[in-house]
Amino acid sequence: MLQAENLTKYFNRDTASQILALDHLTLQLNEKEFAVIVGSNGSGKSTLLNLIAGNYLPDEGRIKINGNDVTTKQDYKRSKWIARVFQDPVQGTAPDLTLLDNFRLAFLRTKPKGFRIGINSSFRNSVREKVAVLNLGLEYKLNTLAGKLSGGQRQALTLLMASMDDPKILLLDEPTAALDPRASEIVMELAAHLISKQKLTAILVTHNLRIASHYGSRLIMMDKGRIMQDLDEELKKNISLHEMQSWFV
Amino acid sequence: MEFYFSAILLGLALCSLGFGIYISLRIFSIPDITTDGSYTLGAAVTAALLLRGIPIPVILLIIILCGAFAGIATGIIHTRMRLNALLSGILVMTSLYSINLQIMGRSNIPLINTKRIEGTFGFLHDNNLQWLVVLLLFICLIWVLLSWLLKTDFGVAMRATGTNEVMVRSMGVNTLNMKVTGLAIANALTAVSGFLVCQFQQFSDINMGIGIVLFGLGSVMMGESLISAFKIQSIGIRLLTVVAGCIAFRLIIAVALEVGINPNWLKAITALIVLLVAGIPQLKRSAQ
């Protein structure tokens, strides 16, 4: 489903502050695989996600999605396959737009945004049903501006929105980093549920080893822009938190 | 009374420009200085074509395209060459000054003896009444079109572009093209005001656009205070606050003239009004 070959990315290239963020990294994800990536700050986890999503272009290497070479495709064109949840809850929704408007955009992620009024009563009802599942009372706030919601609510919404319009790949960049424990749990459970229900290929970047051990079908540890550990589902099941912690020493 | 009535009419003629500023400022957060140039551009082209006896509907179509081109120029400089939005606007505005002079051939064209749009309603014998009808028709039409546009899927994507660009790109929107389109629409609307005002005041002048962007910004901000006071959610009604802002701004200026302030100070008064409208909420906020 997703192939990254030989990905290399420098920041501030050819200056005194040059950083090698990704160092000839190769990663292949099969369909329905849910990879969790851990690693210390600066290990290149987020850079990898940003390269896959197309926020930056790699200095070397290729990226293929479903057999299509997307290496030079811009981010908004890759959204055909990729849905994202960002670290900062503020980033996943448009704060000055209502919840309904936000969902409308998510509904049209792979489609053209044309000159018709798409927010009608049937659309409103389908959004109401979707957000009611969250049990956060959002079904009564369809006309509230997204910016007025709490971080947990917004992150849960972003996830729901990401799951709309049939994405193939879901990128989760530390989605719970800014949330309290209860909101984190709601968001992670929702993510796991959506990934298995919609048979998504997913990458979760996290600093939280508990989350890393609890979720996903593959565990990857990165350091200095390279993959240091790569555990399949069987190995991942058997690894202890303690052992994972020892990677970071 | 007559004096205040024509102030209101001028305010109505400038509403189209106000709508344009609403798009560039409120939707894309760009104070678009191209406005000064595209407003005069609308007037210059209108005057030049009226002199040549071109039918008014054709002129309207041409000035809409001219305004849109000015916006596209600013938009491309801003998004493709990645210049600051203000600088992009200044570049286009400044070059439009020469272009406008070239179009008019001189710095002022009187339109007293040409056909004018209010003549369409010649059966209403009062000139002010004719203008009231013309202007209300224009405002209604533009208001209906814009409220519709902003509610469509395209409009949702456009409004989202100004508030969270990263997210909108992840939703498959080319935000750069969206900004260019937005600036094109904004400046086309601005040119319509130039088209209306030059016929209303019966002349086009190369300097008529100087500082007009401030009028637009101030009007939109005055409207904004209504939006926050009444917690207005509906896009259509938000747009109507721009109309209220434009009229209020012209009335304040009319009062200033009525109390005997020297017209040479008009631009300074305009700047002062905008300073107050923009500054007082900020001061209140920092006082809290």
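The structure is a predicted model, in which local features need pLDDT of at least 70 and side-chain atom pairs count only at pLDDT 80 or more, whereas totals for chains, interfaces and linings use all residues. Residues are numbered from 1 along each chain as its sequence is written, with chains lettered from A and ligands numbered from 1 in the order in which they are written. The model scores ipTM 0.87 and pTM 0.88.

In chain A, four strands form an open sheet with antiparallel pairing and the order β2-β1-β4-β5. Its edges are formed by β2 (19-29) and β5 (68-69) of chain A, each of which pairs on one side only. Strand β1 (residues 2-11) of chain A runs antiparallel to strand β4 (residues 60-65) of chain A, and five bridges join the two; within β4(A), A:Glu60 is the residue that stands opposite A:Thr8. A:Glu174 lies in the loop between β7 (169-173) and α6 (181-197) of chain A. Burial is assigned from the number of other C-beta atoms, placed from the backbone, within 10 Å of a residue's own: 20 or more for buried, 12 or fewer for exposed, and partly exposed in between. A:Glu174 counts as partly exposed because it has 19 C-beta neighbours inside 10 Å.

The contact between the chains, where two residues are in contact if their C-beta atoms, placed from the backbone, lie within 7 Å, takes 26 residues from chain A and 20 residues from chain B. On the side of chain B that touches chain A, α7 (153-163) and α8 (165-170) of chain B each supply at least two residues, and α7(B) gives the most, with seven residues. By residue class, this side of chain B comprises nine nonpolar, seven polar and four charged residues, where Ala, Val, Leu, Ile, Met, Phe, Trp, Tyr, Cys and Pro count as nonpolar, Asp, Glu, Lys and Arg as charged, and the others, Gly among them, as polar.

Within chain B, helix α2 (residues 15-27) has 13 residues and reaches 17 Å from its first C-alpha to its last, close to the 18 Å expected at 1.5 Å a residue, the expected span being 1.5 Å times one less than the number of residues. Since 13 of the 13 residues of α2(B) are buried, this helix is largely enclosed by the rest of the structure. With 11 other C-beta atoms within 10 Å, B:Ser29 is exposed.

Helix α12 (residues 266-287) of chain B has 22 residues and spans 31 Å from its first C-alpha to its last, close to the 32 Å expected. A kink of about 30° lies at B:Gly279 in α12(B), shortly before the proline B:Pro281, the bend at a residue being the angle between axes fitted to the seven residues ending there and the seven starting there. B:Thr270, B:Ile273, B:Val274 and B:Val277 of α12(B) are buried, and the buried residues of this helix pack against α10 (212-229) and α11 of chain B. Helix α11 (residues 235-258) of chain B contains B:Gly245, which counts as buried because it has 29 C-beta neighbours inside 10 Å. Leaving aside neighbours within four places in sequence, B:Gly245 is in contact with B:Gly18, B:Ser219, B:Val220, B:Met222 and B:Gly223.

Terms used: Two strands pair if DSSP finds at least two bridges between them.
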